[in-house]
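Subject: Structure handover

Hello,

Here is the structure you will be working with. Please open it next to this email as you read.

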Amino acid sequence: MTSLKGTGKLIRLILRRDRWLLLVVVLWLAAAPVGLADTYQSQTAAERAEYARTSGSNPTFLALYGPLHSETAGGIVAQRVGAIPLFIGLISLLFVIRHTRTEEQAGRRELLSGTVCGRHAGLTAVLSVAFLGNLLLGLLVASGLSQNLPGSGALAVGLGFAAAGWMFAALGGVAAQLTENAGGARGIAIGSLGAFLLIRLAADTGGPGNDLSWLHWLSPLGWVTELRPFADEQWWVLLLAVALTLLATTLAFAVSSRRDIGAGLLPARLGPAEASPALGGPLALAWRLHRGLLMGWLIAFTVLGGVFGGIAEGVGDMMKDNKDLQNVFSRIGGQEGLIDSYIASMMSLMGLVAAAYSIQAALRMRAEEENSRAEYLLATGVSRLRWIGGHLTFALLGPVVALAVGGLVAGLVHGANMGDVGGELPGILGAAMVQLPAVWVLSALTLALFGLLPRVTAAAWGGLALCFTLGQFGRALDFDQSVLDVSPFTHIPQVPGGDFTAEPFVWLLAVAAVLAFAGLATSRRRDMGAA
Amino acid sequence: MTDAISVRGLVKDFGPTRALDGLDLSVATGEVHGFLGPNGAGKSTTIRVLLGMLRADKGEVTLLGGDPWAEATELHRRLAYVPGDVNLWPGLSGGEVIDLLGRMRGGLDKQRKNDLLQRFQLDPKKKARTYSKGNRQKVALVAALASDVELLVLDEPTSGLDPLMEEMFRQAVQEERRSGRTVLLSSHILSEVEALCDRVSIIREGRRVESGTLDEMRHLTRTSIDVTLEQEPSGLDALPGLHDVRVEDTRVRCEVDPDRLDDALRHFVALGVRNLISQPPTLEDLFLRHYEADGRRSGADAAADSGANAGAGR
């Protein structure tokens, strides 16, 4: 087997490069379920029945975690760890691509092939590490859970984790053969993971035994839940997982032995030989550079809006069943008031996410400067202000579109749930849009840093982290109001439900304008370039 | 003839480091000017001041008759720049980059673009992320050479090209010269500068140490002589202006100062010459003399060097 020569050396190389990463990931993923087992083991039967009736049958929980197969402590733990196989799958496929296609694209595989390594050594090495690593993770989880829970169920949870890792490591191995570009391979592999997730969501969200439950069998992530840990384990499902793993591994090797080093099975996508007439200036270029980022964030905001809107009604339901909560919240306006304050706080969170997008978009400017592309562009007839303007368009208007989409989706979903779209939508959309002035303060802060302290432009993330901490934990930690006031989000009125005044908006917009002006004025005068 | 580029006493500091220390540079309109120096000598810094990316701390800089800092945008429409390390936008195709840059300069000669694409064997449909270093450089070169501009600023433009493509590049620059454009070519590939440039400026540690035509510079530099005589040589020690003398039986190899060449030849002829090879100083020699000067400055060498430098200073 000369094609496997050097596999051992490459395994050592992989372990050497990623030892800390592997250690942290395995321990972190193994520790989470064990902690949960402690919590649920100490609950009474009545508490577990309560969990099964509420969280265990809530559509959002079912979508996120999968079905609840048993009302025992083990059954609840098995549901609550239901999202972990997704992460194991994601990490496994990224890991395999990182050590195959990324290496190949960087030319390092060619370097090694010229020395002692056979053509299959790289793929064999990384798959071996991935398979054994996932098995180790599974056994750690099983032994951790079996301290408190029945052994066979614990083993089923652990092997379910391992199986998810095996299947997506092997699928990652296939994806790595397909494109010349590691980014393309990642896209294919993550895309298929996402599609399998959606299939599982569709199967589970309607609760056990609904019309779409059979979809489970079309998704490897569904198979993992069909192992049914702690509920008469269906061990034979593991055979499906092993079969898929073997099939995908065989396919990866088959493609690998037929293609040239450096080539992909799918041809690299070509672009146009000439620019379209529209591609003629810095704004058109900025659109090309930002559109992928914008689309990604719009998808994220659609999902976020759907989740926030979907849960809002449940917040009301939760109170219906719980007399104590009802008493607490009747003081702040009853069920209506509760939903309103929930929406206001969710939209404030959405505002922070929009600010993250804005900062990321504005930082592209600094990235362009650091990799010298800005210099190349500015050596043409484009002025600095027009160049900055192109990127700023997306940093400032991108969040407008994103918040509008998020608010719209949340309003539609919640309105549909309440049977009153016309009544709910405007309030929720408005609650999303009022976040903008606070978002823009952080965009303008990024621009000011870019002009005044270009080397630490990324410190804008620190500003966002501060706003997040003050907004989410500030009151709980009893911070003084003057400290809370540092965050622009503190000044956004609580709508719907609260009083709306224009004054804070004027102030926030003024602060944003001053910061933006300082940034523009200084970035015109300073030295440009990577240094 | 006016100067396309004129720099006098340019100083640029980066914190405590002085990158340019009173640099002078003049490039006449219509000439191909070689800008030579090792890494870190200040070539790229000078170019970035000329492009208005960096603000000069001291000194006068004029580019195409304007101030490169204050009038950057207007001046940039009249020039094209090729960076030494070309980074392109990964999602754009090569053809898109070329057209985009052309449109943001003064315009693009489509005929010339297609001609250059063919000569450089560049596929404009490929996405920039899939280009090698050499191909990215070709994209930048095609974009610059096909642009309708007066001045080309090329910062080590051939560092990623193979020899065949280097030859293509040389031909293209010769055509630029014939069509009357000014070229500033920064390089440390001496053969390239020798083949292309009308005049050369050599810089070192942020200062110009030498400038002129290659002929003028050669005049200041030693000729290397490899002579086989009819008898074993004698009296070489008494001859002034001879350096690095190596004697094997009747064969003598040495370097001769330009003003002592006549004396040396008379001496050899008197001894009887059987075979003589004489080589003009290459730019390489010239270059090395400036960069090695500090390292082996002693005795006669130092005297000769300071003489040469005084001459060059003019």
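This is a predicted model: local features need pLDDT of at least 70, side-chain atom pairs count only at pLDDT 80 or more; totals for chains, interfaces and linings use all residues.

Residues are numbered from 1 along each chain as its sequence is written, chains are lettered from A in the order in which they are written, and side-chain values use heavy atoms, without hydrogens and water.

Strand 8 of chain B covers residues 199-204, and five of its six residues are buried, so this strand is largely enclosed by the rest of the structure. Buried means under 20% relative accessible area (1.4 Å probe, protein chains only); strands are DSSP runs of E, at least two residues, and helices are runs of H or I, at least four, numbered from the N terminus. Strand 8 of chain B runs parallel to strand 3 of chain B, with four bridges, and B:G34 has B:V200 as its bridge partner. Strand 8 of chain B runs antiparallel to strand 9 of chain B, with six bridges.

There are five cavities of 30 Å³ or more. A cavity is a set of points on a 1 Å grid over the protein atoms alone where a 1.4 Å probe fits but cannot get out, and lining residues have an atom within 4 Å of a point. A volume is the space filled by probe spheres set on the points. The largest cavity holds about 300 Å³. It has 22 lining residues, and A:L10 and A:H99 are among the closest to its centre. Helix 1 of chain A gives the largest share of this lining, four residues.

Regards

Key: Buried means under 20% relative accessible area, exposed over 50%, partly exposed in between (1.4 Å probe, protein chains only). Two strands pair if DSSP finds at least two bridges between them. On a 1 Å grid over the protein atoms alone, a cavity is a set of points where a 1.4 Å probe fits but cannot get out, and a pocket is an open set with protein on both sides within 12 Å along at least five of seven lines; lining residues have an atom within 4 Å of a point.
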